[in-house]
Amino acid sequence: MANSPAATTAAAAAAAAPKRVVICGGGVIGACTAYYLSTHPITPTVPILIEKSSSPACAASGKAGGFLALDWCDSTPPLSSLARASFALHRRLADALDGASAYGFRPVHTLSVLVPSNPNPTASAAASPPILPEWVDPSASAAPPRELGTPETTAQVHPGLFTKSVLAASGAEVVLRGEVERVVVGEDGRVAGVGVKGRDGVVDADAVVLALGPWSGKFEMMREVFDVSGLKAHSIVLRPPEPEKITPHALFLSYQPEPGAKMLDPEVYPRPTGEVYICGMTKDEEVPDDPETITGEPESIAMLHKIAGRVSSQLRKEEGAEVVAEQACYLPCTDDGLPVIGEMPGVKGCYVATGHNCWGILNAPATGAALAELILDGEAKIVDLAPFSPARFLKKRKKRGV
Ligand SMILES: Cc1cc2nc3c(=O)[nH]c(=O)nc-3n(C[C@H](O)[C@H](O)[C@H](O)COP(=O)(O)OP(=O)(O)OC[C@H]3O[C@@H](n4cnc5c(N)ncnc54)[C@H](O)[C@@H]3O)c2cc1C
């Protein structure tokens, strides 16, 4: 009996697909790649994931805001496709994995709020613009807030719970406290596996994915082709005394601590857990080797508390807000502002996914889905990966004579 063309194509894809995939890095990008490899419709492939620290999502993927936006990347066309595809996949993932209860997925209202340097003590709730949620103090807004997003266009997840949920759903074998030191390449120029610090031998692989976030800049194989730097950012998590009063409104603030001072742009994300997350205060700083030693600068943390207190009495420590976390982490940044997603030039079977900057939680699903297609089908269909190819840096380096 003759096979149908579809069955023949599926059989060919199954025969050609790599059998053993090793993902390096247990952040949101590594976790989503694991998920889409293991749920591939023709050749589901459960990978091994090797993470340097003692837990997945130990860095930015656990300490981010978790804000998602459909159209905020539209001014950068390649990123717009990635973001729009990812926003749709976040909705599908939330349905498949019960995201609302597993990791706090929910649509949100999003406002831009200009916080005055000196609050007006006579500001009254009666004069407060109707768009301002009741838990935000009337004195916190120097001008009527602007609506930046609606529940149709903006949403949120708890980033750490999201990362852990998709990784668990992938069924990946997770190796913790494993620092990948090098990619082993065979004489045929194909990837053969990875070497892990302090462990004998090689972890064999037909395909390797490097998803090291800001640590990509420290990994020699990637450093030879492109730069990834880390931008340190701070955050605090508070539990207000009356969490039931806090509505799902994400706030993008503009705040000048005093006349002439630099304008700050912190962000406030209430979570369905009853907690409120506030982030901001960035600083260019070398990424430390060990992700678990990263701590926040006291003055940046103090400024976030000051801003939180200006926004709402619910967020003032002296009025009963409990401090759940004071932390910092690093955004992975590339020279041209675009992520790097694709096969490493000259090393067959070695893939990279990094440099997602301030949109890694949003863009992880389409990044992982596209990589899974590239690895298992030989071609990414969900988004065009050409603008994200690591090879783009070779051309730029050649031009500069590097
Ligand atoms: C304060 C802040 C707020 C943010 N808010 C948002 C937001 O609201 N929405 C949004 O979309 N994005 C947000 N982001 C951005 C987002 O957090 C990042 O883009 C994303 O988490 C990057 O994920 P990653 O997996 O590439 O890197 P990471 O999360 O840094 O993960 C990399 C992992 O690789 C591991 N690793 C490193 N070296 C090795 C090695 N040699 N071997 C094995 N493992 C290794 C690390 O331990 C780490 O676990 C925010 C970021 C910050 C800092």
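This is a predicted model: local features need pLDDT of at least 70, side-chain atom pairs count only at pLDDT 80 or more; totals for chains, interfaces and linings use all residues.

Q: OK, how many residues does α4 have, and how far does α4 reach?
A: α4 has 21 residues. From first C-alpha to last, α4 reaches 30 Å, close to the 30 Å expected at 1.5 Å a residue.

Q: And which residues of α4 are buried?
A: L79, L82, A83, S86, F87, L89, H90, L93 and A94.

Q: What covers them?
A: The cover includes β3 (67–69), α5 (99–103), β7 (154–156), α6 (159–170) and α9.

Q: Let's stay with α9. How do α4 and α9 cross?
A: Two packed helices are described by the angle between their axes and the distance between the axes. Here the axes of α4 (residues 77–97) and α9 (residues 360–377) come within 7 Å. They cross at roughly 95°. An angle of 65 to 115 degrees counts as roughly perpendicular, so α4 and α9 are roughly perpendicular to each other.

Q: Which residues make the contact?
A: From α4: L82, A83, A85, S86, F87, L89, H90 and L93. From α9: L362, N363, A364, P365, A366, T367 and A369.

Q: How do those divide into nonpolar, polar and charged?
A: The α4 contact with α9 has 11 nonpolar residues, 4 polar and no charged.

Q: What follows α4?
A: D98, with a positive phi near 55°. D98 is not a glycine. Most residues other than glycine have a negative phi. D98 is in the loop between α4 and α5.

Q: Is D98 buried or exposed?
A: Exposed. D98 has 12 other C-beta atoms within 10 Å, and 12 or fewer counts as exposed.

Q: What about M281, where is that found?
A: In strand β16. M281 also has a positive phi of about 55° without being a glycine.

Q: Is M281 buried or exposed?
A: Buried. There are 23 other C-beta atoms within 10 Å of M281, and the cut-off for buried is 20 or more.

Q: New topic: the ligand. How many residues surround the ligand, and which are the closest?
A: 41 residues surround the ligand. The closest are G27, A64, G65, G213 and G360.

Q: Which elements supply at least two residues of that shell?
A: α2 (28–38), α3 (60–63), β13, β17 (322–334) and α9 each do.

Q: How does the shell divide by residue type?
A: Into 24 nonpolar, 14 polar and 3 charged.

Q: Now N357. Where is N357?
A: In the loop between β19 (350–354) and α9. N357 is partly exposed, with 18 other C-beta atoms within 10 Å.

Q: What does N357 touch?
A: Not counting residues up to four places away in sequence, N357 touches L331, P332, C333 and G337. The C-alpha atoms of N357 and L331 are separated by 5.1 Å. Those two are 26 residues apart along the chain.

Q: Last one: what span should α8 have, and what is the distance between its end C-alpha atoms?
A: α8 covers residues 298–311, which is 14 residues. At 1.5 Å a residue, α8 should span 20 Å. The end C-alpha atoms are 20 Å apart, which agrees.

Q: Which residues of α8 are buried, and what covers them?
A: L304, I307, A308, G309, R310 and V311 are buried. What covers them includes β5 (109–115), β13 (228–239), β14 (249–255), β15 (267–270) and β16 (276–284).

Notes:
Residues are numbered from 1 along each chain as its sequence is written. Helices (H or I, at least four residues) and strands (E, at least two) are DSSP runs, numbered from the N terminus. The expected span of a helix is 1.5 Å times one less than its number of residues. Two residues are in contact if their C-beta atoms, placed from the backbone, lie within 7 Å. Axes are lines fitted to C-alpha atoms, for helices over the stretch in contact, and angles run from 0 to 180 degrees between N-to-C directions. Angles under 35 degrees count as roughly parallel, over 145 as roughly antiparallel, 65 to 115 as roughly perpendicular and the rest as oblique. Ala, Val, Leu, Ile, Met, Phe, Trp, Tyr, Cys and Pro count as nonpolar, Asp, Glu, Lys and Arg as charged, and the others, Gly among them, as polar. A residue is near a molecule or strand if its C-beta atom, placed from the backbone, lies within 6 Å of it.
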